[in-house]
Amino acid sequence: MAEAKGVAEAGRVAKHIILAKFKEDVSAEEIQQLIKGYANLVNLIPPMKSFRWGTDAGIENLTEGYTHVFESTFETTQGIAEYVAHPAHIEYSNLLAPALEKVLAMDYQSDIVQL
């Protein structure tokens, strides 16, 4: 996980979720370099507070072919909008997009359920 100093993920936050499937000709080393580049955006784009990623654990078999998930945390959905428009994100996206066979993005504001 990459995380900005002093940021707690308690309470209500905004999330930017990417599901991705890399093209078959993209090597594991290239994927790792792309993931490191994604994680480094935390250091370049102030509204981005943390980044986590993982691969499908294969439990439910409902992935529709997606293999990787990338999760970025922001304080607000406005922070996501600033991130998407940031030159560092645009530059990184131009590196990532050609390596992907398919991608799905979703942004949301999280809520805590009071029981």
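Mentor: Let's go helix by helix, and then look at a few loop residues.

Keep in mind that this is a predicted model. The UniProt record, an unreviewed entry, annotates residues 14-108 as "domain: Stress-response A/B barrel". In the model, that span is 38% helix and 33% strand, and its end C-alpha atoms lie 6 Å apart.

Let's begin with helix H3, residues 87-96, and its partner H1, residues 28-44. How do you describe a pair like that? Two packed helices are described by the angle between their axes and the distance between the axes. For H1 and H3, the axes come within 10 Å and cross at roughly 175°. An angle over 145 degrees counts as roughly antiparallel, so that is what H1 is to H3. On the H1 side, the contact is made by Leu34, Ile35, Gly37, Tyr38, Leu41 and Leu44. H3 brings Ala88, His89, Tyr92, Leu95 and Leu96 to it. Sort those contact residues by class and you get 9 nonpolar, 2 polar and no charged ones.

The buried residues here are Ala88, His89, Tyr92 and Leu96. They cover an arc of only 95° around the axis, so they sit on the same side of H3. The face turned away from that buried side carries the exposed residues Pro87, Glu91 and Asn94. And what do the buried residues of H3 pack against? Their partners are E2, H1, H2 and E5.

That brings us to H2, which covers residues 77-85. Here Gly79, Ile80 and Tyr83 are buried. It's a similar kind of picture: their arc around the axis is only 100°, which puts them on the same side of H2. The buried residues of H2 pack against strand E2 (14-22), strand E4 (68-74) and strand E5 (100-109), along with H1 and H3.

How do H2 and H3 meet each other, then? Their axes are 5 Å apart and they pack at an angle of about 60°. H2 and H3 are therefore oblique to each other. Tyr83, Val84 and Ala85 of H2 make this contact with Pro87, His89 and Ile90 of H3. By class, that's 5 nonpolar residues, 1 polar and no charged ones.

You'll find Ile45 in the loop between H1 and E3. Its relative accessible area is 0%, so Ile45 counts as buried. Which residues does it touch, leaving out those up to four places away in sequence? They are Tyr83, His86, Ala88 and His89.

Another loop residue worth a look is Thr76, which sits between E4 and H2. At a relative accessible area of 39%, Thr76 is partly exposed. Not counting residues up to four places away in sequence, Thr76 touches Ala14 and Gln109. Thr76 is also 6.1 Å from Val13, C-alpha to C-alpha, even though they are 63 residues apart in sequence.

Last stop: the loop between strand E3 (50-55) and E4, where you'll find Asn61. Phi of Asn61 is near 55°, a positive value in a residue other than glycine. Glu64 belongs to the loop between E3 and E4 as well, and it has a positive phi of about 55° although it is not a glycine. Are these two buried or exposed? Asn61 counts as exposed at 66% relative accessibility, and Glu64 is exposed too, with a relative accessible area of 64%.

Methods. Residues numbered from 1 in each chain as written. Predicted model: local features only at pLDDT ≥ 70, side-chain atom pairs only at ≥ 80, totals over all residues. Heavy atoms only, no water. UniProt positions renumbered as here; feature names shortened; annotations may be inferred. Helix = DSSP H or I, 4+ residues; strand = E, 2+ residues; numbered from the N terminus. Axes fitted to C-alpha atoms, helices over the stretch in contact; angles between N-to-C directions. Parallel < 35°, antiparallel > 145°, perpendicular 65-115°, else oblique. Contact = heavy atoms within 4.5 Å. Nonpolar A, V, L, I, M, F, W, Y, C, P; charged D, E, K, R; others polar. Buried < 20%, exposed > 50% of the residue type's maximum accessible area, 1.4 Å probe, protein only. Arc of directions from axis to C-beta.
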